[in-house]
Amino acid sequence: MTSPPPPPPPALPAVHPVDQVLPAPRLVVLGLQHLFIMYAGAVAVPLIVGPAVGLDSSDIAILVSADLLVSGIASIIQSVGISKIMGVRLPVVAGATFTVLNPMIVIANQYGGRAGLPYVYGALIVSGIFGLLIAKPFSALLRFFPPLVTGTVIMMIGLSLIGADIGLIAGDKTGSFTAKIPVLDAGGQVTVEHGQVVTAVNPDAGQISHIVLAGVVVLLIVAISRFFRGFLGQTAVLISIVLGTLIAWPMGLLDFSGVGGAGWVGISAPFHFGPPKFAAAAIISMCIVVLVTYTESTADMLAVGELTERKLAPNDLARGLATDGFSALLAGFMNSFPDTAYAQNVGLIGMTGVRSRWVITVTGGFLVVLGLIPKVGAIVAALPGPVIGGAATVMFAMVTAVGIQTLHKVSFGGPGNHNLLIIAVSLAVGLIPTIQPAFYQHFPADFQVIFGSSITSTVIVVFVLNLVFNHWWPRIPRRDGAVGTALDHGAVAGAPDTP
């Protein structure tokens, strides 16, 4: 008599797509795609802050290198994680937040321009510690971020940031630069002093050829996504950027003149602008920036959780927010900027469906290399603005679409009919800074920091209105429409007509 066959070995648990390690060639290509999408936004912050506080080109180069280095470190931590301390362990790309622009410029210029940067970085160190301390309490608010709140905020993130990439395509009407020599008028009088920040009209703004090039990139993304499947379809954005760059070459839009002057090693010494200094007003402003960054990152990380089908627990969110706080602390030492989750990369995940967090680890590695080797960063920086702008605009629009998809889970009928009003009011308030940036120019500076951001103002309004209507206000049953009104006034509902 034969013995029964041994039982089959227990099946190994399936690996979640977020934790799946893709083959090395795919990781490299997909990581590069995320890098190209976020690079323009990452370097935009130091390129705006530098001239605005009177820095020369060598100082600005140090800001760019430090910015990329800190972004890379934060992205690696977010994707890989550090024990139970930091890292959301999702495909989240970290990059310099635009929320910090106005406070940094105001603080630095208040204390003497370049000489005021130690006050900026002193405030960043304190705000980073503040961010680490409040990450866990802030994550406890997760239950107050239902699809109504997150969907509205994610949609506003996409809508508000589209304008940034439109500027890459058409060019801004005006541009700022630091005068290298005094500028004299016809009478020999000094009209612009040496080192003064000057605003000039950009004659190349709105070139038809640039807009057409961006349109070609968008069409390439659509065509490749439509007609190709698998790996080629997933890399539609990267392929379109490469093809768009080749098209831009004979148009004279490629300029590698800055590559030769860039150094091979570019890490800046800590406290390049001097030892940190501390001022109460500066510290308060930067702590507000951290709170604003946390609200933006919360919405983005919840969006990534939706796209990857991995539900975020408060502890997961706390680790992700702690990474943002750590980036602010590290920025204070390394002459950089606080980071937040980048929305354009959220859009890329939605378009490609690639959910592996290890792709972002590769992106973070590339960012670290760019931060340490400025010559490589200069090559990437030479990519034409219309090409990057066209691709990134699609990504921001994808973020808006993700927000609409999230709002699909919201109830708009019966007792939840006020949710439509909540969304309408939130979008109305949030779009004000996007449509008219100078709308709050006469308000106090701290008010401008908060409500001068479309994302922050939307978060505040939708968060408060959701509390008022769905948590604090008594739930009053109500019927809507003519039939509901008639029933409320005593009408008797009869049986439905039969054919």
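Four nonpolar, two polar and two charged residues make up the lining of the largest cavity. In this class scheme, Ala, Val, Leu, Ile, Met, Phe, Trp, Tyr, Cys and Pro are nonpolar, Asp, Glu, Lys and Arg are charged, and the others, Gly among them, are polar. Welcome to a predicted model, in which local features need pLDDT of at least 70, side-chain atom pairs count only at pLDDT 80 or more, and totals for chains, interfaces and linings use all residues. Residues are numbered from 1 along each chain as its sequence is written, and side-chain values use heavy atoms, with hydrogens and water left out.

**View 1. The largest cavity holds about 30 Å³ of space.** Its lining is formed by Val290, Thr293, Tyr294, Asp324, Gly325, Ala328, Pro338 and Asp339. Helix H10 (280-308) and helix H11 (314-334) are the elements that each give two or more residues to this lining. A cavity is a set of points on a 1 Å grid over the protein atoms alone where a 1.4 Å probe fits but cannot get out, and lining residues have an atom within 4 Å of a point. Grid points are joined across faces, edges and corners, and the volume is the space filled by probe spheres set on the points.

**View 2. Helix H4 (residues 117-139) meets H10, their axes coming within 8 Å and crossing at roughly 45°.** Axes are lines fitted to C-alpha atoms, for helices over the stretch in contact, with angles from 0 to 180 degrees between N-to-C directions. H4 and H10 are therefore oblique to each other (under 35 degrees is roughly parallel, over 145 roughly antiparallel, 65 to 115 roughly perpendicular and the rest oblique). Helices here are DSSP runs (H or I, at least four residues), numbered from the N terminus.

**View 3. Helix H2 (residues 57-80) and H13 have axes that come within 7 Å and cross at roughly 160°.** The two helices, H2 and H13, are therefore roughly antiparallel to each other. H2 passes H13 in a left-handed crossing (the near helix is turned anticlockwise from the far one by less than a right angle; clockwise is right-handed). The contact (heavy atoms within 4.5 Å) of H2 with H13 has 11 nonpolar, nine polar and one charged residues.

**View 4. Helix H1 (residues 24-52) crosses helix H13 (residues 357-372) at roughly 60°, with axes within 8 Å.** That makes H1 oblique to H13, and the crossing is right-handed. Among the contact residues are Leu27, Leu35 and Tyr39 of H1 and Trp358, Phe366 and Leu370 of H13. By class, this contact of H1 with H13 has 14 nonpolar, three polar and no charged residues.

Note on methods:
On a 1 Å grid over the protein atoms alone, a cavity is a set of points where a 1.4 Å probe fits but cannot get out, and a pocket is an open set with protein on both sides within 12 Å along at least five of seven lines; lining residues have an atom within 4 Å of a point.
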